[in-house]
Amino acid sequence: MDAPAASVLDDRLYQRLVELAAPDGAERGPGRPDLRPAVEQALHHEARLLDERLYRAWLDRFTQDCVYWIPLDPAGDPRTRVSYLLDDRRRMEDRIGLLETGWAHAQEPPSRTCRIVSNVEAWPLGDGDTLARCSTVVWEYRKDRLTPFASRNDYVLATLGENWSVRFKIVRLVDSRSDVRKFSFVL
């Protein structure tokens with residue numbers, strides 16, 4: 001028999017996503033207080049970029065090897081379970097490109113959003129990255145309707161400070177297993 005073709009998916013990367021998003025993962029204890037100010041600054045900056053629809057500036061904050069994942073099942077495995085969204089950098093560029101064209105019919109008129117980021121914690125990872133966790137509520141106003149999207153977000157930040165960058169972003173919607181209203185904007 002021929003050997004199976006090499007997968008374009010890197011199982012180590014996806015296994016890391018699963019471990020980061022696991023709701024019953026290892027208890028890390030309180031976050032490191034020395035990391036919190038820089039992490040909060042980065043997450044608040046990200047919220048502002050998205051609320052102001054500065055999508056290119058937001059995308060520029062992601063590493064070339066980034067992954068942006070919104071799982072349907074918060075404890076799911078992206079290799080075997082359906083996700084609302086599982087994007088690498090190329091897919092993120094496509095998504096932003098479509099929003100910029102004005103031809104994204106689901107964004108006509110465009111959503112107006114307001115993000116609230118709270119409960120920020122951060123821990124150093126062994127490879128120089130920083131794990132950050134926060135609670136987020138995105139309020140979306142569109143077509144005379146105000147809709148909240150509550151989530152617990154996990155980030156792996158590759159750098160902090162003025163030039164902060166994101167390697168992984170995982171958005172675990174609180175109501176992901178129910179009838180989630182379609183979101184055509186960037187969570």
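The model is predicted, with local features requiring pLDDT of at least 70 and side-chain atom pairs counted only at pLDDT 80 or more, whereas totals for chains, interfaces and linings use all residues. Residues are numbered from 1 along each chain as its sequence is written, and side-chain values use heavy atoms, with hydrogens and water left out.

The protein contains 4 helices and 6 strands, where helices (H or I, at least four residues) and strands (E, at least two) are DSSP runs numbered from the N terminus. Along the sequence these elements follow the order α-α-α-β-β-α-β-β-β-β. Of the 187 residues in the protein, 44% are buried, a class defined by a relative accessible area under 20%, with exposed meaning over 50% and partly exposed the range in between (1.4 Å probe, protein chains only). Contacts are defined by heavy atoms within 4.5 Å; among those in the protein with a separation of 6 or more, 63% join residues 24 or more positions apart.

A search of the whole structure returned 0 disulfides, the criterion being a pair of cysteine sulfur atoms within 2.5 Å. Cys66 is buried, at a relative accessible area of 1%, whereas Cys114 is partly exposed, at 42%.

Rolling a probe the size of a water molecule over the atoms shows where empty space is left. The search of the whole structure identified 4 cavities of 30 Å³ or more, a cavity being a set of points, on a 1 Å grid over the protein atoms alone, where a 1.4 Å probe fits but cannot get out, and lining residues being those with an atom within 4 Å of a point. The largest cavity holds about 70 Å³ of space, where grid points are joined across faces, edges and corners and the volume is the space filled by probe spheres set on the points. Its lining comprises 12 residues, of which Glu46, Val117, Thr136, Asn153 and Tyr155 lie nearest the centre of the cavity. At least two lining residues come from each of α2 (36-51), β3 (112-124), β4 (130-142) and β5 (145-159), and α2 gives the most, with 4 residues. By class, the lining of the largest cavity has 7 nonpolar, 2 polar and 3 charged residues, where Ala, Val, Leu, Ile, Met, Phe, Trp, Tyr, Cys and Pro count as nonpolar, Asp, Glu, Lys and Arg as charged, and the others, Gly among them, as polar.

Tyr155, one of the residues nearest the centre of the largest cavity, is found in strand β5 and is buried, with a relative accessibility of 3%. Neighbours within four places in sequence aside, Tyr155 contacts Leu43, Glu46, Thr130, Leu131, Ala132, Cys134, Val166, Phe168 and Lys169. The C-alpha atoms of Tyr155 and Ala21 are separated by 9.7 Å, although these residues are 134 residues apart along the chain. In strand β4, Val137 is partly exposed, at a relative accessible area of 26%, and touches Cys114, Arg115, Ile116, Pro148, Phe149 and Ala150 when residues up to four places away in sequence are not counted.

Ala22, in the loop between α1 (11-21) and α2, is partly exposed, at 24%, and its C-alpha atom is separated by 5.4 Å from that of Ala75, 53 residues apart along the chain. Asp175 lies in the segment after β6 (165-173) and is partly exposed, at 32% relative accessibility; Asp175 and Pro74 are 101 residues apart in sequence, with 9.8 Å between their C-alpha atoms.

Backbone geometry was also examined. Most residues other than glycine have a negative phi. Asn119, in strand β3, has a positive phi of about 55° although it is not a glycine. Asp144, likewise not a glycine, has a positive phi of about 60°; Asp144 is placed in the loop between β4 and β5 and is exposed, with a relative accessible area of 70%.

How values were computed:
On a 1 Å grid over the protein atoms alone, a cavity is a set of points where a 1.4 Å probe fits but cannot get out, and a pocket is an open set with protein on both sides within 12 Å along at least five of seven lines; lining residues have an atom within 4 Å of a point.
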